[in-house]
Amino acid sequence: MDYRKLGPSGTVVTAYCLGTMTFGAEADEAASHKLLDDYFAWGGNFIDTADVYSAGKVYSAGKSEEIIGRWLKARPTEARQAIVATKGRFPMGNGPNDIGLSRRHLSQALDDSLRRLGLEQIDLYQMHAWDALTPIEETLRFLDDAVSSGKIGYYGFSNYVGWHIAKASEIAKARGYTRPVTLQPQYNLLVRDIELEIVAACQDAGMGLLPWSPLGGGWLTGKYKRDEMPTGATRLGENPNRGGESYAPRNALERTWAIIAVVEEIAKAHGVSMAQVALGWTAAQPGITSVILGARTPEQLADNLGAMKLKLSDDDMARLNEVSAPQPLDYPYGKGGINQRHRKIEGGR
């Protein structure tokens with residue numbers, strides 16, 4: 001297993017992280033523990049969860065953390081090596097203060113996560129999304145205090161845009177607070193818009209990237225077919241209108257099927273799965289600390305981890321980059337925009 005630094009910190013994590021959004025929902029406790037056992041047997045050491053996993057009509061929020069907590073307690077050797085990341089921000093109750101990035105909510109959310117996980121310290125505590133109501137200074141001061149008290153080792157963000165990252169990082173620097181180490185964004189061959197400025201903002205702030213949905217909600221595995229509505233035990237088979245992964249809008253884009261076709265061709269040439277090609281491309285992008293895997297079954301996990309052995313050639317990468325390039329935009333990001341002209345100047349120095 002390839003090890004990489006957790007952003008600018010001295011802590012090292014494996015290049016593939018086990019995401020646990022399925023725990024307690026799509027995978028019961030026994031299946032979840034099997035996934036954890038297999039992942040650590042492969043040499044993995046990085047677990048990502050959130051307090052809201054797996055919220056829903058049947059399953060309660062906090063379930064994923066509880067399942068992980070019982071696994072950590074039963075396996076002290078693995079627990080000693082595990083780097084555990086979780087998140088807070090979304091509703092954990094019906095009250096007006098049971099949500100957000102205020103000191104009040106985060107204080108309760110963090111203590112609850114520590115209790116469910118059975119830990120004295122969470123290695124990486126992430127803000128699950130921006131909160132426009134809470135002053136960023138309040139959130140950053142809480143996080144600095146949490147580091148000082150030993151409740152968290154580091155903190156990061158998830159689903160932030162460029163100016164959120166820049167503002168938070170610069171305020172933390174100016175106030176002398178502990179600075180963020182990572183950002184967790186959606187990033188894959190189908191969704192590359194973070195390259196417009198979010199990646200640059202993270203690099204400027206010295207933050208590592210932890211991409212979620214590296215397989216595009218299953219699209220990049222080849223499981224979905226053109227003009228065939230998904231059925232069965234797949235994400236879109238169970239819910240074809242699932243957020244940004246919805247079948248109809250992506251099915252209508254020629255870009256989607258062009259990308260899938262190239263991924264399939266490269267996979268056949270290497271004798272590997274399409275998932276391994278998609279994961280290998282993501283892991284090789286600039287600034288990536290660890291790619292978050294969201295397997296439902298041991299078979300899926302084993303296939304995903306097989307990406308560690310795949311070495312994509314320069315030609316493979318060039319083909320994937322070309323076919324998946326973000327759609328042309330107008331000013332200021334497009335070909336005629338000043339940012340593009342500056343990049344050409346900088347590239348020629």
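**Exercise 1.** Work out how many bridges join strand E6 (residues 122-127) to E7, and in which sense the two strands run.

*Solution.* Start with the pairing in this predicted model: E6 and E7 run parallel and are joined by 5 bridges. Next, pick out a facing pair: leucine 124 stands opposite tyrosine 154 in E7.

**Exercise 2.** Now look at the pairing of E7 with strand E8 (residues 182-184), and find which residue stands opposite threonine 182.

*Solution.* Count the bridges first: E7 and E8 pair over 3 bridges, in the parallel sense. The residue facing threonine 182 in E8 is glycine 156. Finally, trace the link: the chain goes from E7 through helix H6 (residues 162-175) to E8, in a right-handed β-α-β crossover.

**Exercise 3.** Decide how many residues of strand E7 (residues 152-158) are buried.

*Solution.* Apply the cut-off for a buried residue, under 20% relative accessible area. Of the 7 residues in E7, 6 are buried, so by this cut-off the strand is mostly covered.

**Exercise 4.** Find the largest cavity and describe its lining.

*Solution.* Begin with the count: there is 1 cavity of 30 Å³ or more. The volume of the largest cavity is about 30 Å³. Now list the lining of this cavity: Leu101, Trp130, Asp131, Thr134, Ile136, Thr139 and Tyr160.

Note on methods. Residues are numbered from 1 along each chain as its sequence is written. This is a predicted model: local features need pLDDT of at least 70, side-chain atom pairs count only at pLDDT 80 or more; totals for chains, interfaces and linings use all residues. Side-chain values use heavy atoms; hydrogens and water are left out. On a 1 Å grid over the protein atoms alone, a cavity is a set of points where a 1.4 Å probe fits but cannot get out, and a pocket is an open set with protein on both sides within 12 Å along at least five of seven lines; lining residues have an atom within 4 Å of a point. Grid points are joined across faces, edges and corners, and a volume is the space filled by probe spheres set on the points. Buried means under 20% relative accessible area, exposed over 50%, partly exposed in between (1.4 Å probe, protein chains only). Helices (H or I, at least four residues) and strands (E, at least two) are DSSP runs, numbered from the N terminus. Two strands pair if DSSP finds at least two bridges between them. A crossover is right-handed if, with the strands pointing away from the viewer, the path from the first strand over the helix to the second runs clockwise.
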